[in-house]
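Please walk me through this structure.

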Amino acid sequence: MAGRAGRRGLDATGTVIILCKAGVHDMGDLHAMMLGKPTVLQSQFRLTYTMILNLLRVEALRVTDMMRRSFSENHRDTQAHEKRISELRNTLSTLPPLDTEGQLSDLLSYYHTITELRITTESLQRAVLESVNGLKALSVGRVVIVNNGQHRNALGVILQVSNDAVNRTFTALIICEKGNEEAAGDDLSNKALHPIYSTTLFIPEGPCSHTVQKLKLQDISAITAKTLKVIPERIIDNYNKRQQPRFRLDPPGQAISTATQELLRLAEANPNGITTLDPVNDLHLKGVDVVEGVMRQRVLQDSLKDFHCIHSPTFTEQFARVQERMSVQEELDKLLFLVSDQSLTLLPEYHQRIKVLEALQYVDSTGAVQLKGRVACQISSHELLLTELLFENTLSPLAPEESAALLSCLVFTQNTQIDPHITNTLQEGINQVLNVAQRIGELQRDCGIAQTAEDFVAQFKFGLTEVVYCWARGMPFAEIAQLTDVQEGTIVRCIQRLDEVLKEVRQAARIVGDSVLGSKMERASLAIRRDIVFTASLYTH
Amino acid sequence: MAVEMRLPAVHKHISLAASQSNREDKHLVVPGDVITSDTGFMRGHGTYMDEDRLTASVAGEVERVNKLICVRPLKTRYNGEVGDVVVGRITEVQQKRWKVETNSRLDSVLLLSSVNLPGGELRRRSAQDELAMRDYLQEGDLISAEVQSIFSDGAVSLHTRSLKYGKLGQGVLVLVSPSLVKRQKTHFHNLPCGASMILGNNGYLWLYPTPGQQDEEAGGYYTSMEPVSLSDREVISRLRNCLLALSAHKVLLYDTSVLYCYEASLAHQIKDILKPEIMEEIILETRQRLVELEG
């Protein structure tokens, strides 16, 4: 098969041509080829120090731009977000302006307080419900205060608790106005905040009526300390019977009427608010979050009295406007965050790596690349280790052959069983390399990168040092293959890659200005570039 | 018309007491000074080995990075680094490249493939493009460019592949030593006093009036020939004199130091800034403010 893949983000399809030279393939094969499951595409984008340093050198590019274009950020639907952002901005500009004169000057802070209060209360309620004591408290017969779009601080008694642990619903009997029995179909009014926070209980002005409804957790704003004796099945049956058109005009049953009367009496006895169960003292929830939440809730409730804006005549209208504006603003902020740099998945790793580079003085605090950073830009792999080795002058006491043997640890990645025989100077060099690697590994760990120092040091394997040393001194290939158990192909490949590393070190020596090191690397390169290892390949030309 | 004339006088050395402490830390050498006799150090630029002793070959400050010792000279030609912003003047138009003079040892090179085509197309440069080279950049034109790479002999290869680089229009060029320009994140500054500045790393500084609105497609091809207002020209002249004052007293040039010097000079007339005593006054004030900023 051959073809042209579609360009990411630009084409919707690609083209594939199946070449059938010896006749068309059979159906099974064709089926697999055309409709089989393709491999899952995964981003192989890795943040390397070399890439970061090269991008920091150039004024025009930023590393975050590069990260944004990688495939791993493909799940962000930036185009759709951008469209929605412009829509929201238009809406925001067409909203009526807020009146914040005089008494309404603290309207915005009032809105924020109310929102925070609502969020705190909701999290407390969730904590209450997840606790064992809370569930016990919300059993049949418990009187609760209901607060949703339809009911405002109305008293209700729990009849049934559903078994579904995830979306627990409570069937409850609630007192309400006559005519207000049906639940408001519009969900939006449920979400709207009540502008004024009060604890005054709802008492019907006209004849008291009741309704049996399924409540969600958010609708129950408080659990009172009172329980009533009720017979849930009779109440529910009676209510459901009267929902049918035939029995609509029947008077309510006895169980319901007594329960309603009880609730009404309770409400009239405590018009300004009824004692509720405190999560900390009564339900014995001792978690830090719960205790702090309760304290914060109390502080917020107290602070609500000090606001002037609730006394203003245009309060409700202005509050509605604030709410509208704030909801648009919140959505806009959320989308702006998603589109911005802060939501890149690789951003934390980028900051960690920058910290490492600053600690090692490759970049200064303003982000300008220093001499060490410029040297590290030339090196393609193991840039930190090699740059540190260069600046620690580890290669100067070694002869060219020995330095080539030492640098073989950067290209050899296998484990060997046979330990190589190494001269003393080489052993010292190896120890120095391990020290530097340990230092870098620990620094990376301190800055937060998820790789232990031991793993970092274990990357550098010295199995081929003897082999390379002997090769650089002129030993024939047949003999050096005897020295180790590594396969011949691996030896050839490693020595070829070693030549690349030596070239990079030569380039680095030119930047630094040390001609001695440069000429040493050139001699080492000449020493290893000979014979079968560097013969041109038969297959490529 | 009264003309002021002066005889040359001894240059008074001004220094601040506060900065004496960090002045001691700087190790200044002249050619032939022995830096160290320790053999454990690598030698970098500006040094040589004289019978086992590391000796300086240029006059400047000794810099030590781990085991590397190099000497950074004060007066030097520009040594290119990849990523630097430079301002240069076209000296030759050759077959597929321009030769640009950038105050370095060898003329820099601007390849035809390293400039943006008008209209922003991406294609291979054809013979037509070669013949049209002179219509874009001629001998004597000033350009701002970025260093793309360095040849093995040290010559610098430039590119203008961004909308902010390209041919420079109306403005003033100031020449200072390359070692006085501080390496920062960005070298294009829009100063609040009403002018813009390009601090080229090669010591060529370009002052120009802040462009009105940014034209998207124009890029490096559009050079405005509209007359510049008198107020803008006064600001630019004052900035030029400030830059000359700063470079005469070897103050490191970056946007903050230039701005402080400009504000200190507002008390004097533009042409007075070049008089030695007024120069010293302004530089003293600038240095004090810079020390306060750090401390």
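What follows is a tour of a predicted model, taken chain by chain.

Start in chain A with a sheet. Five strands make it up, and the sheet is open. The strand order is E6-E5-E4-E3-E7, with antiparallel pairing. At the edges sit strand E6 (208-215) and strand E7 (220-227) of chain A. Each of these two pairs on one side only. Direction ignored, neighbouring strands in this sheet are turned by 35° against each other on average.

Look at one pairing in that sheet. Strand E3 of chain A covers residues 142-146. Four bridges tie E3(A) to E7(A), and the two run antiparallel.

Helix H8 of chain A spans residues 232-243. H8(A) lies across strand E4 (154-161), strand E5 (170-177) and E6 of chain A. Its direction is at about 105° to E6(A). Helix H9 of chain A spans residues 254-269. H9(A) lies across E3, E4, E5, E6 and E7 of chain A. The angle between H9(A) and E5(A) is about 65°.

How do these two helices meet? Two packed helices are described by the angle between their axes and the distance between the axes. The axes of H8(A) and H9(A) come within 8 Å and cross at roughly 110°. An angle of 65 to 115 degrees counts as roughly perpendicular, so H8(A) and H9(A) are roughly perpendicular to each other. H8(A) brings A:Arg234, A:Ile235, A:Asn238, A:Tyr239 and A:Arg242 to the contact. H9(A) brings A:Ala255, A:Ile256 and A:Ala259. Sorted by class, the contact of H8(A) with H9(A) has five nonpolar, one polar and two charged residues.

Helix H2 of chain A covers residues 49-57, and helix H12 of chain A covers residues 347-359. Their axes come within 11 Å and cross at roughly 80°. On the H2(A) side, the contact is made by A:Tyr49, A:Ile52, A:Leu53 and A:Leu56. On the H12(A) side, it is made by A:Tyr350, A:Arg353, A:Ile354, A:Val356 and A:Leu357. What classes of residue does the contact of H2(A) with H12(A) have? Eight are nonpolar, none is polar and one is charged.

Move on to chain B. Its secondary structure comes to six helices and 17 strands. The C-alpha atoms of chain B fill a box of roughly 60 × 60 × 40 Å along the principal axes. Of the 295 residues in chain B, 43% are buried. Take the contacts in chain B between residues at least 6 apart in sequence: 63% of them join residues at least 24 apart.

Zoom in on strand E5 (53-56) of chain B. Strand E2 of chain B (residues 34-36) joins E5(B) through two bridges, and the two run antiparallel. In that pairing, B:Thr36 has B:Leu54 as its bridge partner. E4(B) also pairs with E5(B) in the antiparallel sense, over four bridges. There, B:Thr47 stands opposite B:Ala56.

The hairpin of E4(B) and E5(B) has two residues between the strands. B:Glu51 takes a positive phi near 45° in this hairpin. B:Asp52 is found in the loop between E4(B) and E5(B). Phi of B:Asp52 is also positive, near 80°, in a residue other than glycine. Is B:Asp52 buried or exposed? The relative accessible area of B:Asp52 is 52%, so B:Asp52 is exposed.

B:Asn103 lies in the loop between strand E9 (97-101) and strand E10 (108-111) of chain B. B:Asn103 is buried, because its relative accessible area is 17%.

Finish with an annotation. An unreviewed UniProt entry lists "domain: RRP4 S1" for residues 77-149 of chain B. Over residues 77-149, chain B is 12% helix and 36% strand. The end C-alpha atoms of that stretch are 18 Å apart.

Technical notes: Residues are numbered from 1 along each chain as its sequence is written. Chains are lettered from A and ligands numbered from 1 in the order in which they are written. This is a predicted model: local features need pLDDT of at least 70, side-chain atom pairs count only at pLDDT 80 or more; totals for chains, interfaces and linings use all residues. Side-chain values use heavy atoms; hydrogens and water are left out. Axes are lines fitted to C-alpha atoms, for helices over the stretch in contact, and angles run from 0 to 180 degrees between N-to-C directions. Contact means heavy atoms within 4.5 Å. Ala, Val, Leu, Ile, Met, Phe, Trp, Tyr, Cys and Pro count as nonpolar, Asp, Glu, Lys and Arg as charged, and the others, Gly among them, as polar. UniProt positions are given in the numbering used here, feature names are shortened, and annotations may be inferred rather than shown by experiment. Buried means under 20% relative accessible area, exposed over 50%, partly exposed in between (1.4 Å probe, protein chains only). Two strands pair if DSSP finds at least two bridges between them. Angles under 35 degrees count as roughly parallel, over 145 as roughly antiparallel, 65 to 115 as roughly perpendicular and the rest as oblique.
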